[in-house]
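User: Hey, I'm new to this one and could use a quick tour. Can you put it up on screen and we'll chat through it?

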Amino acid sequence: MSDEEQLVSNCSPEDGDEPLNLQDLPVEVFLHICSFLDASSLVHGLSLACKQFHEILNDDSIWRVRISQIWPNVNYPTLPSADHDELFWKLSCVAIERQAKLWRNTSDQMERIRLNNIHYSTIDGLLLMHKGTVCISGGRDRSLVLCKLSSEEEQNSCMSVINAHDGWIWDLTAINDTIYSCSWDRSVKAWSLTSTGLIPLTTYEMIVSGALLCVTSCPELELFATGSYCKSVLVFDSRAGHTPIVKCQPHNRAVIRIAMNSNYILSASEDKTVHVWDQRAGRSMKSITISKESFPMSMCMQKDIVYVGDSAAKLHVLDPKQNFEPVKSYRTAHEKSITGVYIDSGCLITSSLDRTVQISSPTDPPQPLTSLHYSNGEIASIDYQNEVLAVSGPDAIEIWRPKARTKCS
């Protein structure tokens, strides 16, 4: 008998013995084996195999430890969650591991696509839709462009609406498949996203004297809001007429960024404040001074946290559970104003006039993952959806997306 046959014979169960399987292992050994598997396989695979595995992997401490191993000596989440969610630590670990893998190995994991010559001036409006397969842009050339991001075997197809507005297009948002664009011409226009392009639906002429600089939406309530150069904020019900359901003037200077959810509307202004409107009470709630030296230029609001990027390249955190009080402030790796910010459970993304995009951890404090260079000039806007990042500036849009996605598109 050979040595290999003798080893197999010694390890094989004797007659009448049950073979050893994964369920018979001590918990400590089982968890050690799990440490070699990625979080997604554990959460979406192994934990569903049987009740025993589910009970073991349902322990939040397992996922807290994994996250602390990825990001040691920092706090996660940045602010404690208001509600207990039994899936929070599991799904957060899945998201963090996935984002760390993508952005720590950008050259291996991500591909870079350039959309050239679709606008002939700066692209301020940028919107990803349909899980990152559709990119819509609006520029200072007054045109809207719809680009379908195809697989590597196909060409990206782009369709333009020339002179979509009578002035520069500043911002875009969407409610389902209806796109809303705001412009220097003091109007918001609604467009239907179809397989053949963008079809005009209606125009909302504003009762304001200045340009519209930003627009956002709350799809759950089918509302959208716009901020103007003349300091006002207007809210519309997309199901009703063209008359705003809310009009307020909470600022002393132009409103340059706006965000909303079903409870609140936040507007950021050149007067160095962020104003909070309570949608449930239908009244102004408060104004927050972000900094005495700089003004807010970008904003991202999630249920339990708000990030504000300012003109001094600093990032500020507001806590909705404490009446939106500023609770943290970070210096970033940027050298100029932060023009875009995005936050979720897996990553923090900021863009700047210094032509870089910084990908960081969503921790306190943020830890760097990678820095991307936008090769076409100062960055005007970013959007992120389904692991697809879009960056715009003068003349061109750059897309970063996972390489594996192109093979299965």
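User: Okay, Tyr76 to start. Is Tyr76 buried or exposed?

Analyst: Tyr76 is buried, because its relative accessible area is 13% and buried means under 20%, with exposed over 50% and partly exposed in between (1.4 Å probe, protein chains only). Keep in mind that this is a predicted model, where local features need pLDDT of at least 70, side-chain atom pairs count only at pLDDT 80 or more, and totals for chains, interfaces and linings use all residues. Residues are numbered from 1 along each chain as its sequence is written, and side-chain values use heavy atoms, with hydrogens and water left out.

User: And what about Phe88, how does that count?

Analyst: Phe88 counts as partly exposed, at 22% relative accessibility.

User: What joins Tyr76 and Pro77?

Analyst: A cis peptide bond, with omega at about -5 degrees. Pro77 is in the loop between H5 and H6; helices here are DSSP runs of H or I with at least four residues, strands are runs of E with at least two, and both are numbered from the N terminus.

User: Which residue in that loop has a positive phi without being a glycine?

Analyst: Asn73 does: phi is about 65 degrees, and Asn73 lies in the loop between H5 and H6. Asn73 counts as exposed, at 81% relative accessibility.

User: Switching to rings. How many aromatic pairs does a search of the whole structure find?

Analyst: The search finds 14. Rings of Phe, Tyr and Trp (its six-membered ring) pair if their centres lie within 6.5 Å; planes under 30 degrees apart count as stacked, over 60 as edge-to-face and the rest as tilted. Take Phe30 and Phe53: their centres are 4.8 Å apart and the planes are at 20 degrees, so this pair is stacked.

User: Where do those two lie?

Analyst: Phe30 is in helix H2 (residues 27–34) and Phe53 is in helix H4 (residues 51–56), so the pair ties together parts that are 23 residues apart in sequence. Phe30 and Phe53 are both buried. Tyr76 and Phe88 make a stacked aromatic pair too, at 6.2 Å centre to centre with 15 degrees between the planes. That pair links distant parts of the chain, twelve residues apart: Tyr76 sits in the loop between helix H5 (60–70) and helix H6 (88–104), and Phe88 sits in helix H6.

User: Which residues do ring pairs link into a cluster?

Analyst: Trp168, Trp170, Trp184 and Tyr229.

User: On to strands. What order do the four strands of the open sheet come in?

Analyst: The order is E18-E19-E20-E21, with antiparallel pairing; two strands pair if DSSP finds at least two bridges between them. Strand E18 (296–301) and strand E21 (325–331) are at the edges with a single partner strand each, so one side of each has no neighbour in the sheet.

User: How many bridges join E19 to E20?

Analyst: Four bridges join strand E19 (residues 306–310) to strand E20 (residues 314–319), and the two run antiparallel. Val308 has His316 in E20 as its bridge partner.

User: What do E8 and E9 form?

Analyst: A hairpin, with two residues between them. Strand E8 (residues 187–194) and strand E9 (residues 197–205) pair in the antiparallel sense over eight bridges, and Ser192 stands opposite Ile199 in E9.
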